Amino acid sequence: MPITRSASGATARKTAWNTAQPTAFSEPTKGSKRKSSSTKGAQTPRKKAKSEDAVIASGTIAALTPIPAAGDEQALVPAVLTFSFEHAKEHLIRVDRRFEDVFQRLKCKPFEHLERVDPFRTLAHSIMGQQISWMAARSITHRFIRLFDPSLPEKPQDHSHATAFFPTAHQVASMDVATLRTAGLSGRKAEYVLDLASRFADGRLSTAKLLEADDEELHSMLTEVRGIGRWTVDMFAIFSLRRPDILPVGDLGVQRGVLRWFLSLHAPSTLALTISPAKLPKNPEEEEPNESVDALVVNGDASTSNDLRHTTPDISAVPPAPTALPVTPVKKNNGKGKNRGPADADEVDSVLPAPFTPSINRVLNMNAYGNGAAGAAAPPSPLPDGLTPAIMKSRLDGKKKIKGALLTPKEMEELTAGWRPYRSLGVYYMWALAEAPN
C-alpha cells in the first residue's frame with residue numbers, strides 16, 4: 001500500500017526523523033566524535049519501527065537523521081528522503097506504465113541527487129532571484145554575500161569562494177534596507193530578505209519547524225514572509241525539502257505538461273511534440289521587475305501579478321543546490337544558435353529537467369493502460385467534467401485559456417489524483433515535455 005500524506009503520513013515523517021541517532025548538521029569539528037550507529041541505544045528504536053515507518057526505512061533513505069533543535073539557526077535539511085523512492089516509482093508505473101520509460105530516460109533529480117540544504121540560504125536566493133535574469137541573480141547574490149565577507153572578489157567568477165560562505169539569518173537581520181540596496185536589490189526585495197532573516201533569527205522559522213510541518217502548515221508558515229507566495233513554497237517543498245506530493249497548480253509549465261500527458265493518454269496520436277525550449281521560464285511571484293545590476297533584462301514581460309502566477313518558473317528563483325551554484329541559464333538567441341546551455345558546463349547545473357527528445361512521442365502515445373493481462377494497470381480515469389480531448393487540444397493551441405491558465409486548479413487535482421501520494425515525481429517530468437507541437 002502507498003504511504004499516504006495525510007495526518008498519519010506527517011506523523012510517520014516526524015517519527016522517521018526522530019528514530020535515528022542524533023547527529024550534528026554542520027560539519028564536525030576536528031577531534032569531534034560521533035556515536036556509532038551500532039550502539040544498543042541507536043538500534044533499539046529502529047527495531048521497533050512498524051508499518052509505515054518500516055516502509056519508509058526500506059527505501060532510499062540512507063541514514064535517517066533527526067530534526068535539529070529549534071534554536072539551531074544554521075541547521076541543514078539532511079540529505080535523505082522520508083519515503084521510499086523505489087516504492088514511489090512502482091506506484092506511478094502501476095497507475096500509468098508510461099512512467100517506466102520516463103524513469104529510464106531521465107533521473108528524477110530532486111529525489112535522486114540528495115544534498116543537505118540550508119533553508120534560509122535557499123529561500124533568500126529565491127527572493128533575490130525573482131523576476132530577473134539568471135546573470136543578474138548571480139551578480140546580486142554575489143554582491144549581497146560580499147556585504148558580509150568583503151574579502152571576496154568584486155566579480156562572481158570565482159564560484160569556489162561564493163559557495164563557501166553565506167551569511168546567517170542573524171547577520172542579515174542586523175543590516176538595513178539602505179545597505180542591502182547597495183548590493184543591487186530593489187527596496188522591496190531588501191525588505192523581503194530582512195523579513196525572512198528576522199523570522200529565522202527570532203525562531204518563528206527554523207529548519208526543525210519546516211521539517212515537522214505538513215504541506216499546508218508549510219504553506220501557511222512561509223507565505224507569511226513578505227515576497228514568498230505559493231509558487232515559491234511549492235518549489236522549495238519539491239527541490240529543497242523533497243516533499244513527495246506537491247502539485248504546483250499555478251505553474252504554466254506543469255499545466256502544459258499535464259495537458260500533453262493526459263491528452264496523449266485519452267486520445268493517442270492527436271499531436272506530435274517537438275523540442276523547443278524557446279520560451280524563457282518566468283517566476284510567478286509578485287515582484288516588480290526592476291533591478292540595478294548591469295542593465296540585465298528581465299526574463300519575460302512585466303505583467304500583472306495574476307498573470308505571473310500562471311507562468312513557468314523562473315529558474316533564477318528556483319531553490320539552488322546547497323552549494324549555491326547558479327542554475328543552467330536559458331539563453332535568448334534571437335533565432336540564432338542554441339537556446340539552452342550553461343555558461344560553464346562544469347560549474348552550472350540546472351535543477352529543472354532538460355526537454356525530452358522527440359522520441360517521447362512513442363511513449364506518450366503508447367497504450368498506457370494495458371490489454372487486460374495480469375498485472376496491467378487499470379484504464380485511465382474519466383476526464384474531469386467539461387474537459388474533453390478536443391477542449392484539451394484547443395487549450396494547448398491557446399484558443400480556450402482560462403484567465404491565462406491552461407488548466408484550473410480543480411482540473412489539475414482531478415487529472416493527477418492517481419499519482420497521489422507521489423505527485424512531485426510526476427510534476428518534475430511535466431517540465432520536460434516539449435514546449436510546442438508542430
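The largest nonpolar core contains 91 residues, among which Phe-144, Leu-196, Leu-222, Trp-261, Leu-425 and Tyr-429 touch the most other members. A nonpolar core is a set of buried Ala, Val, Leu, Ile, Met, Phe, Trp, Tyr and Cys residues joined through side-chain atoms within 4.5 Å. Helix 16 (residues 252-266) gives the most to this core, with eight residues; helices (H or I, at least four residues) are DSSP runs numbered from the N terminus. At least three core residues come from each of domain 1 (80-112 + 244-277 + 382-437) and domain 2 (115-241), with bounds taken from an automatic or database domain assignment.

The model is predicted: local features need pLDDT of at least 70, side-chain atom pairs count only at pLDDT 80 or more, and totals for chains, interfaces and linings use all residues. Residues are numbered from 1 along each chain as its sequence is written, and side-chain values use heavy atoms, without hydrogens and water.

Apart from neighbours within four places in sequence, Tyr-429 is in contact (heavy atoms within 4.5 Å) with Val-102, Phe-103, Leu-106, Lys-107, Cys-108 and Phe-356.

Most residues other than glycine have a negative phi, and most peptide bonds are trans. The peptide bond from Arg-420 to Pro-421 is cis, with omega near 0°. Pro-421 lies in the loop between helix 20 (409-415) and helix 21 (423-430). Gln-131 has a positive phi, near 60°, and sits in the loop between helix 7 (119-128) and helix 8 (134-146). Gln-131 is buried, with a relative accessible area of 2%; buried means under 20% relative accessible area (1.4 Å probe, protein chains only). Arg-242 has a positive phi of about 55°.

Note on methods. Buried means under 20% relative accessible area, exposed over 50%, partly exposed in between (1.4 Å probe, protein chains only). Helices (H or I, at least four residues) and strands (E, at least two) are DSSP runs, numbered from the N terminus.
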